[in-house]
Amino acid sequence: MTPDTKESRYKEYLEAYPPEQRYALPVLLDLQDAFGYVPAQATEDLADYLGCPAADLYAITTFLKVLSTKKQSGHVVTVCSGTTCHLRGKSQIRRAAEAALGIKLGETSQDGSFTLREEKCLGTCAFGPSMKIDDAYFTALTPEGATRVLERYEDGEDPEDIIASTPGAYGERPLYKAREHFDAHAAFNTMQQRVVLAGLDAKDPVSVEEYRAHGGYEGLCRALSMTPEAIVAEVEQSGIRGKGGAGFPTGTKWRNCLNEPAEPKYLICNGTEGDPGVYVDGPIMEGCPHAIIEGMAIGALAIGAEEGFLYVRSGYGKARERLQAAIDAALEAGILGDSVMGSGHKLYLRIVRSGGQYICGETTALMSSMAGKLPEARASYTVHSTQHGLFDQPTILNNAETLAAIPWIFREGAAAFRAIGTTGSTGTKVFFLTGRAANQGILEIPFGTTLRQLVFDMGGGVARGHSFKALLPGGPSDSVIPEKLLDTPIGFDELAQQGVQMGSGGMVVLDERDCMVEMARYHIDFLCAQSCGKCTPCREGLRQMSAILKRICDGQGRAGDLEMLERLGDVMTDTALCALGQSAANPVLSSMRSFRDEWEEHVRDHHCRAGVCRCDALSEGGAA
Amino acid sequence: MSEELTITIDGKPCTCERGEYLYDIAKRNGIFIPTMCRNDEIPEHRASCRLCIVEISEGGRTRIVTSCVYPVLRECEVRTSTERVKNDRAMLLALLHARAPQSDAIAQMNDALGDPSIEGFVTVDGEKCIACGLCVQACDTLGASAISMINNGTEKQVAPPFDMAPKPCIGCLNCARVCPVDAIPYEEDEYVRSIWNRNFTIAYCESCGKAIGTAAEVVHRAHENGEDVRFLCDDCK
Ligand SMILES: Cc1cc2nc3c(=O)[nH]c(=O)nc-3n(C[C@H](O)[C@H](O)[C@H](O)COP(=O)(O)O)c2cc1C
Ligand code: SF4
Ligand code: SF4
Ligand code: SF4
Ligand code: FES
Ligand code: FES
């Protein structure tokens with residue numbers, strides 16, 4: 001059936017987009033927003049409209065946690081499931097919310113007045129555990145406090161009154177409060193070097209004028225006077241490497257794409273940020289939207305792209321709002337559009353909402369999702385996205401932080417950029433210091449700063465009376481960093497030599513109150529819900545790891561469990577299809593290497609030295 | 001402009017074209033590599049089961065690759081049953097056996113190539129499907145795109161949309177036919193075939209009386225080819 005032979009109830013939502021499969025996800029998200037779910041009939045109508053199978057659309061709806069096949073309505077209660085809130089007892093908050101509302105995560109109460117969800121990191125880590133009700137933030141929660149707030153909502157009290165009379169409640173997210181709070185702590189600021197975050201203190205981050213007043217768009221002006229070849233050479237000379245995790249040299253990526261003859265070419269900014277303990281790209285997109293736009297414009301000039309996309313996490317509403325406003329302002333100012341700064345080069349940037357699971361940020365899954373298909377990773381030993389990327393065309397995919405650093409390189413020159421950092425890792429890295437750190441928040445340091453300087457000099461160590469235990473880069477598949485590695489200078493190769501990863505900018509500080517086994521379990525359970533589930537080692541290996549870790553944390557560990565975890569981990573690393581599964585065992589394997597005693601205590605003595613796993617309490621199911 | 005290369009697999013020199021998949025080269029040379037999600041009728045390989053792993057030494061580096069999607073681009077040395085390959089594969093089979101305890105095919109392969117010392121896994125009771133995705137691919141290429149892989153992570157499974165009898169289904173049985181573990185149930189007698197909670201009338205050739213699939217399938221194929229609907233078998237057409 002074609003769209004013109006059948007009138008659809010959902011017509012206005014469908015026809016907001018052209019009938020092409022790549023618009024499948026945007027329409028599904030719009031339907032979810034409008035109706036609280038994706039109705040079966042809407043799915044059929046959309047399939048007719050796009051000319052794709054309804055089965056494919058249903059697969060997307062069931063894959064992505066932001067979409068639902070059951071109606072969700074009422075107040076949306078979002079419990080933070082991020083790493084820092086987890087350390088501070090988010091599970092108790094979740095249980096309190098489930099009890100107060102009589103529903104489980106992902107469900108809507110029978111009368112339709114509340115829907116309960118979770119989202120990794122609400123961006124208020126410093127005050128966690130946190131919960132959001134609609135747009136309001138409730139921080140520093142206790143289970144009792146959460147229950148009280150929810151009861152008041154249930155009683156129909158005016159939300160404004162509830163917010164005004166609840167300590168730690170905010171009508172909207174307390175932006176960068178953490179940073180201001182620690183302005184008093186000198187080193188947190190003086191040791192920073194701000195290349196990417198230079199604009200973070202802007203009064204109006206969306207304003208073109210304000211951005212230009214501080215040298216903004218000068219880099220783009222300079223790039224406009226250069227050939228594509230010279231632009232790429234400048235990026236190569238700067239030595240900048242990608243901040244999305246792998247540290248791939250950005251110049252090489254751009255050159256590979258420049259060398260491809262096929263047209264059109266595309267440029268994508270990866271703003272998925274699916275890691276549970278990282279909140280770096282979010283603040284950059286919110287606070288420095290023009291730096292990302294300028295970086296993308298320079299990238300587009302380098303490869304001759306006329307269209308660019310910003311793939312932004314669904315939960316990052318504020319970031320999308322700011323980016324859109326900044327794009328509109330740049331269009332207005334003639335910086336984007338049919339003639340970039342009057343040069344005759346055409347460039348349009350569009351924001352696309354990302355589904356949000358961790359796998360959605362992986363290159364092949366991301367591009368598949370943007371083409372309107374399932375965000376599954378694809379097996380390929382030879383195809384590169386610079387050649388066959390988005391819509392099978394040559395594409396540059398860069399992380400938001402990578403792109404935000406590009407303008408500085410063009411304004412100040414590659415040599416100046418190279419002068420910062422180490423030989424192998426030039427420039428700066430933005431980190432999000434959180435967990436048990438005394439000083440928390442977002443900060444930017446030159447590469448070469450040691451982990452110890454980051455945690456102790458800038459972060460102020462852990463709270464008085466507690467002792468540092470370990471550092472976790474915030475990704476779910478990053479290795480645990482023990483105390484003895486803290487003198488390692490921060491750099492891709494420097495960390496890799498020690499067998500740990502840079503990660504994408506989270507730095508979660510753990511102290512003696514935190515259980516290494518339970519942390520590993522948290523990450524494995526996170527991955528069970530965040531992998532695409534395509535291949536055996538990842539899908540089934542995670543299932544078994546999760547079961548073994550649950551029993552260890554419940555005090556039911558058996559002899560041989562640790563060896564089995566190692567065996568499973570090795571096979572997952574060897575045989576998984578994509579980097580998610582290949583690195584999924586890292587949090588377990590690395591933790592067992594550095595904290596073997598603690599793991600053995602759990603299994604042998606049914607004892608948790610941190611007192612987190614209630615190993616010896618028979619009735620309690622341990623820490624969930 | 002295909003280019004010929006010679007590689008060695010388990011010590012045997014094998015010639016191949018540049019870009020050919022390792023698994024195909026091995027097969028042509030009579031070297032057995034176990035597979036589950038590979039089917040020659042399906043052009044694109046999902047490479048989801050990972051059972052076809054082999055060890056490859058190439059340019060001074062030795063690693064595990066999945067042979068069904070590994071294109072040979074230069075000279076290399078391949079070993080199909082090193083200790084590492086056998087260990088990894090045994091674990092994959094144990095994992096699949098725990099996921100799909102009802103599957104005889106997996107149980108048999110696990111008996112032959114598995115490692116009995118791997119035990120204590122949680123099982124998905126009553127499950128037969130290994131989530132390889134072949135049925136969905138078969139339905140997309142040979143059927144009517146009626147089913148898909150739904151959910152993600154450990155919840156991944158095959159289902160028709162909204163768990164209802166799928167409207168586009170034509171009862172062609174391609175999904176059930178390609179399933180390596182016979183996980184898709186169907187029934188049929190002289191008149192009716194039932195699959196995915198739908199019943200289809202069996203069609204017979206109007207000329208010779210031979211069964212020619214379901215009526216829905218005949219209609220679907222005619223539409224696909226832009227032909228008039230004729231209930232004739234290939235021989236009588
Ligand atoms: C499971 C997985 C998740 C990923 N998530 C992200 C992400 O959220 N953001 C990101 O920029 N890169 C992510 N990446 C890395 C991307 O695949 C890609 O390498 C990166 O965006 C390239 O940008 P860069 O070169 O600037 O680092 C992820 C990779 C994997 C394997
Ligand atoms: S490793 Fe995990 S995320 Fe990657 S393809 Fe396999 S199941 Fe999907
Ligand atoms: S029987 Fe139905 S579901 Fe199976 S392949 Fe044919 S059309 Fe697809
Ligand atoms: S039903 Fe069969 S073919 Fe389909 S995914 Fe399961 S095992 Fe594979
Ligand atoms: S707000 Fe909960 S972890 Fe960041
Ligand atoms: S046969 Fe190669 S991965 Fe399944």
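Mentor: Residue classes come first: Ala, Val, Leu, Ile, Met, Phe, Trp, Tyr, Cys and Pro count as nonpolar, Asp, Glu, Lys and Arg as charged, and the others, Gly among them, as polar. This is a predicted model, in which local features need pLDDT of at least 70 and side-chain atom pairs count only at pLDDT 80 or more, while totals for chains, interfaces and linings use all residues. Residues are numbered from 1 along each chain as its sequence is written, chains are lettered from A and ligands numbered from 1 in the order in which they are written, and side-chain values use heavy atoms, with hydrogens and water left out.

Trainee: How many residues surround ligand 4, and which are the closest?

Mentor: A residue is taken as near a molecule if one of its heavy atoms lies within 4 Å of it. Around ligand 4 there are 13 residues, the closest being B:Cys129, B:Cys132, B:Gly133, B:Cys135 and B:Cys179. By class, this shell holds 12 nonpolar residues, 1 polar and no charged.

Trainee: From which domains of chain B does the shell around ligand 4 draw its residues?

Mentor: Domain bounds come from an automatic or database domain assignment. For chain B that assignment gives domain 1 (1-132) and domain 2 (134-224), and each of them supplies at least three residues to the shell around ligand 4. The C-alpha centres of these two domains of chain B lie 28 Å apart. Contact means heavy atoms within 4.5 Å; by that criterion, 18 residues of domain 1 of chain B are in contact with 15 residues of domain 2 of chain B.

Trainee: At what angle do helix 24 and helix 25 of chain A pack?

Mentor: Helices (H or I, at least four residues) and strands (E, at least two) are DSSP runs, numbered from the N terminus. Axes are lines fitted to C-alpha atoms, for helices over the stretch in contact, and angles run from 0 to 180 degrees between N-to-C directions. Helix 24 (residues 536-553) and helix 25 of chain A pack at an angle of about 160°, their axes being 10 Å apart. Helix 24 of chain A is therefore roughly antiparallel to helix 25 of chain A. Angles under 35 degrees count as roughly parallel, over 145 as roughly antiparallel, 65 to 115 as roughly perpendicular and the rest as oblique. Among the residues of helix 24 of chain A that meet helix 25 of chain A are A:Leu542, A:Met545 and A:Ile548. The contact between these two helices has 11 nonpolar, 4 polar and 2 charged residues.

Trainee: Where helix 25 of chain A meets helix 2 of chain B, which residues make the contact?

Mentor: The axes of helix 25 (residues 561-575) of chain A and helix 2 (residues 83-99) of chain B come within 10 Å and cross at roughly 105°. Helix 25 of chain A is therefore roughly perpendicular to helix 2 of chain B. Chain A contributes A:Met564, A:Arg567, A:Leu568, A:Val571, A:Asp574 and A:Thr575, and chain B contributes B:Arg84, B:Asp88, B:Met91, B:Leu92 and B:Leu95.

Trainee: How far apart are the axes of helix 2 and helix 4 of chain A?

Mentor: The axes of helix 2 (residues 24-35) and helix 4 (residues 54-63) of chain A are 11 Å apart, and the angle is about 60°. Helix 2 of chain A is thus oblique to helix 4 of chain A. A:Ala24, A:Leu25 and A:Leu28 of helix 2 meet A:Leu57, A:Ile60 and A:Thr61 of helix 4 in chain A.

Trainee: Which residues does a cis peptide bond join at A:Pro129?

Mentor: Most residues other than glycine have a negative phi, and most peptide bonds are trans. A:Gly128 and A:Pro129 are joined by a cis peptide bond, with omega about 0°. A:Pro129 sits in the loop between strand 2 (114-119) and strand 3 (131-133) of chain A. Another cis peptide bond joins A:Glu263 and A:Pro264, where omega is about -10°. A:Ala140, although not a glycine, has a positive phi of about 50°.
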